[in-house]
Amino acid sequence: MAEEIINRVANNKNLITIDLEDYYPAGDRVVFDIKDWLYEGFILREKEFRQQVSEHDWSQYQNAYVALHCSSDAIIPGWAYLLLTTKLTPFAKHVVVGSLKDLETILFSDIVRTLDISAYQDKLLIIKGCANKPIPENAYIQLIQKLQPIAKSIMYGEACSSVPLFKRK
């Protein structure tokens, strides 16, 4: 009779998988393109711009994450982004200037910075690599920098096929 196969990885109480997808903030992601509010797509005329800002329905961004962006090569004065942000703040969860990628990077920087890692002290850690949601590469970099001083070892991937990255001596 064959011996029972024991899954030592699954039974290891010190091995912890960290999946950044578990921390993915729920909410719509929206790119607000300022180009459409510029004269001929390139010139910001303050009076017309302010009028569009005052007439716009900002409530449509309720609980959304908003990336302010200009898809033309126009030079946008800093105050324009600030003015838009004053209107978005009562509705949006977070506002940034940049692309959706920039938005995700900033969101995850905040998540990793505030992550309680005390449970990972002297543990064997696996940072899960595959995700169905857009987890920025910088989030993984920031996470390993935060974990390295306290972890016994850090691997990347899945428990069945992980890549060793760090082992404390």
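Where is the place of Ile-43? Ile-43 lies in the loop between β2 (29-33) and α2 (46-55), with helices (H or I, at least four residues) and strands (E, at least two) taken as DSSP runs numbered from the N terminus. This is a predicted model, where local features need pLDDT of at least 70, side-chain atom pairs count only at pLDDT 80 or more, and totals for chains, interfaces and linings use all residues. Residues are numbered from 1 along each chain as its sequence is written, and side-chain values use heavy atoms, leaving out hydrogens and water.

**Around Ile-43**
- Ile-43 counts as partly exposed because its relative accessibility is 43% (buried is under 20% relative accessible area, exposed over 50%, partly exposed in between; 1.4 Å probe, protein chains only).

**The sheet**
- Four strands form an open sheet in the order β1-β5-β6-β7, with mixed pairing (two strands pair if DSSP finds at least two bridges between them).
- β1 (15-18) and β7 (161-167) are at the edges with a single partner strand each, so one side of each has no neighbour in the sheet.
- β6 (residues 153-158) pairs with β7 in the antiparallel sense over six bridges, and Glu-158 stands opposite Ser-161 in β7.

**Leu-107**
- Leu-107 sits in helix α4 (residues 100-114), and it counts as buried because its relative accessibility is 7%.
- Leaving aside residues up to four places away in sequence, Leu-107 touches Pro-25, Arg-29, Tyr-65 and His-94 (contact means heavy atoms within 4.5 Å).
- Cys-70 and Leu-107 are 37 residues apart in sequence and 20 Å apart in space, C-alpha to C-alpha.
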